[in-house]
Amino acid sequence: MGGKPKVSSKIIPLASPKGPEKLCELCQRVARLQCTECRVTFYCDEEHQQADWVGIHRRICQLLVPIRTQTFLSLQRAGQIVTQQKKLIEICRSVAQQRLSEGKHQEALPAAQFCLRCSIDVHGPNTVQLVPAYLLLAEANIGLGNVSRVAELLSQAEWSVSKSPDCGHAVHHRLHRSLGRLHMATGNLEQALLHFANDIYFASEAFGLDSTITCRGYFLMADAFAKQGKTPIVRSLYSEVTQIWHCHLTNLLENHNQSDKAQQVEVDDMLRTMLEFEQKDPRKDPAQVARVAHCLAMMWLLAGDSRKVNHLTTLGIKGWFDTVTQFPISSLCRLKIGLSLIGEVVKIRWELVAGDETVSTLLTSTLVSSLRTKLFGRRMFVSVGSNSSDVT
């Protein structure tokens with residue numbers, strides 16, 4: 001189905017059965033329109049119908065019919081309806097999370113709202129099973145700057161968790177992360193740091209210290225310290241985040257696995273923030289610049305975007321050049337270090353030319369030529385692929 005909904009039909013009062021007044025799916029105001037496909041979903045105006053269609057309705061339109069059409073037969077099949085509702089919850093959760101990962105907070109709202117309403121229908125109000133839906137809706141509203149709504153949702157989530165002492169580490173981690181982001185939005189940095197510390201603790205218990213999920217907490221904590229002007233702490237945390245992602249992406253490449261496409265926008269934003277920090281820092285660490293650029297290059301290589309990989313690889317080479325030239329060591333040793341550092345870039349270039357040996361040899365030769373000019377500032381002779389090097 002396309003992005004535009006099919007034409008709605010206005011509700012004709014005389015044609016509607018007696019019962020509760022029809023309310024808008026998004027805002028709960030009096031409805032004036034209905035979906036002509038399922039005929040069980042209503043809207044106050046075309047703008048809300050369009051927003052719901054793009055956000056979630058096109059994915060679940062026909063799934064709503066048996067749930068919202070109350071007949072004697074449907075009541076007999078109540079167990080099947082609950083199963084269908086749980087399926088809807090999972091679809092909405094997945095769609096909302098994907099939109100949030102892409103930074104599309106407005107488009108995530110309809111799916112997150114329906115996820116919460118359907119969760120209440122299945123699990124009842126004030127239960128811990130509602131917490132994931134509260135957190136999804138809160139995250140969407142954080143992105144839209146609706147701080148008061150976020151505070152309300154997180155207050156409900158906290159209350160539900162407090163009533164369930166056996167609640168898992170993963171739920172606690174997500175709750176503290178959302179609370180930390182709320183306090184960041186209101187400028188309460190000390191409370192934000194406290195919640196991010198709890199987020200990291202629970203995430204490490206659930207997923208491990210070196211998990212990419214846990215390291216997101218390090219990144220958010222670094223943002224809080226950056227606002228406090230504590231640059232050395234920020235640098236240390238960014239280094240830890242880079243190390244975790246470098247290992248993760250290297251493993252994906254070596255095992256020929258695909259990266260999570262839903263994470264790409266979020267991870268790209270995180271790595272670019274760290275890269276910009278390093279480039280602006282007066283005490284810039286070339287090795288860190290190279291490593292962050294390498295992470296970005298590997299991520300976009302996995303995504304198949306060769307244009308971005310080329311740009312980031314060049315940036316990584318420059319960082320490695322700057323790193324090598326800082327070593328107070330002999331020319332021959334410096335050359336060996338340079339060739340070792342450049343090996344990762346050659347691997348990426350090799351992937352890009354799909355194993356074309358001629359092109360790969362030319363690229364390697366060009367990279368070595370650039371490296372020797374940068375390192376020594378004069379001609380030297382290197383026999384690539386042989387056992388000897390003549391360095392003058």
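Which residues in α1 meet Glu 107, Pro 110, Ala 111 and Phe 114 in α5? In this predicted model, the α1 side of the contact is made up of Ala 51, Asp 52, Val 54, Gly 55, Ile 56 and Ile 60. The two partners are helix α1, covering residues 46-60, and helix α5, covering residues 105-123, and their axes lie 6 Å apart at an angle of about 45°. Since angles under 35 degrees count as roughly parallel and those from 65 to 115 as roughly perpendicular, α1 is therefore oblique to α5. The handedness of the α1 and α5 crossing is right-handed.

Helix α6 is mostly covered, with 11 of its 14 residues buried. Among them are Val 131, Tyr 134, Leu 135, Leu 136, Leu 137 and Ile 142, together with Glu 139 and Asn 141. Gly 145 follows α6 and has a positive phi, near 80°.

The protein chain has an average pLDDT of 78, and 69% of the residues score at least 70. Over residues 334-339 the pLDDT is below 50, although this stretch has 18 contacts in the model beyond near neighbours in sequence. Residues 374-392 also stay under 50, with 32 contacts beyond four places in sequence. Where pLDDT is low, predicted coordinates should not be read in detail.

How values were computed:
Residues numbered from 1 in each chain as written. Predicted model: local features only at pLDDT ≥ 70, side-chain atom pairs only at ≥ 80, totals over all residues. Heavy atoms only, no water. pLDDT = per-residue confidence, 0-100. Contact = heavy atoms within 4.5 Å. Buried < 20%, exposed > 50% of the residue type's maximum accessible area, 1.4 Å probe, protein only. Helix = DSSP H or I, 4+ residues; strand = E, 2+ residues; numbered from the N terminus. Axes fitted to C-alpha atoms, helices over the stretch in contact; angles between N-to-C directions. Parallel < 35°, antiparallel > 145°, perpendicular 65-115°, else oblique. Left-handed = near helix turned anticlockwise from the far one by under 90°.
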